[in-house]
Amino acid sequence: PRPDTMSMEEPLLGGKPGEKDNSSTAGSILCCLKGTDACSFTYGFFAGAFAILVAQALFWAFQSNGATSGGAASIGDYGDGVVRSGYRWPTKPMIEPISKKKFSAEAKGLNSELNMLMGVALRQKKVVGVNFKVYAVGFYVDPVGARRTLRKFRDYSPAGLKKNQEFYDVVTNAFSFRKVLELSFLRSVGRDKLRDTFNEGLVVRMRALLGSKGDAITEEFISVFEDVKAGQKLIFAMDKGVISVKVHNKAPVKFASSELAHSMLDLYFGKNPTVGEEVKENLIERFPALWIK
């Protein structure tokens, strides 16, 4: 929370040393009781307090613009941490507050390499004015590659990153680091409904990139989707222009299409995300933790 803007009446700052000012109740009372020395002390006290408040307000204003000195994250926010390759990984899991779904601070995704949790969010679907919780999602990245690719954003606060579309564009377009979306379903969703939902967002993006060829790739991709029950997972892993999808306990299926990998990430991080702005912003909450040492 930012400090409230506080105003000081001019009489508190405008008087000369030793000069009484009856427009200031506190100053007048002290001056009457103690004389001009008390007035000098009183005005000096309030002037000093005002200067401190102005300095604090400027500090918070600078923080809110995005860039911070030395990064915004503190290891205290993310658990004790464990040091790997000179950086301290968060150990505290994240819990999506509405669904109460917990995501571990690190996960292997679809291979043996660890990925760091960047944020969690809730995907809801509105039907006849009622929001239904569909799935909670966690976003993981390869921290080594992410640090290298996103180093220009290392001094941004979470609030600064959330409104920075250039940052989201790099996350979406860069093939230099691994990204994993882990969807944990909160209700059962039939195969046809699941396919229709993803097809709606993907086919438009793929068609814009590849024309009619994009339709064919999208159709092949969503054909992998099956019924999912509450508690089951759907995992998408994007790495070096290849996207892999794993439905619950079935074997992962790979698609060598950088356009498809881009389109999947654009559903979540594009200028007009299908999942909505709130989901988009929540999924990058922990990015400043990449640079904790």
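Modeller: Begin with contacts: a contact means heavy atoms within 4.5 Å. In this protein, residues 24 or more positions apart account for 63% of the contacts with a separation of 6 or more. The model is predicted: local features need pLDDT of at least 70, side-chain atom pairs count only at pLDDT 80 or more, and totals for chains, interfaces and linings use all residues. Residues are numbered from 1 along each chain as its sequence is written, and side-chain values use heavy atoms, leaving out hydrogens and water.

Biologist: How many helices and strands does the protein have?

Modeller: Both are DSSP runs numbered from the N terminus, helices being H or I of at least four residues and strands E of at least two. Here there are 10 helices and 11 strands.

Biologist: What percentage of the residues count as buried?

Modeller: Buried means under 20% relative accessible area, exposed over 50%, and partly exposed in between (1.4 Å probe, protein chains only). Of the 293 residues, 42% count as buried. Val-127, which lies in strand 6 (residues 115–127), counts as partly exposed because its relative accessibility is 41%.

Biologist: How is a pocket to be read?

Modeller: Rolling a probe the size of a water molecule over the atoms shows where empty space is left. On a 1 Å grid over the protein atoms alone, a pocket is an open set of points where a 1.4 Å probe fits, with protein on both sides within 12 Å along at least five of seven lines; lining residues have an atom within 4 Å of a point. The largest pocket has 21 lining residues, and Arg-123, Lys-125, Val-134, Tyr-135 and Thr-197 lie nearest its centre. Helix 7 gives the largest share of this lining, 6 residues.
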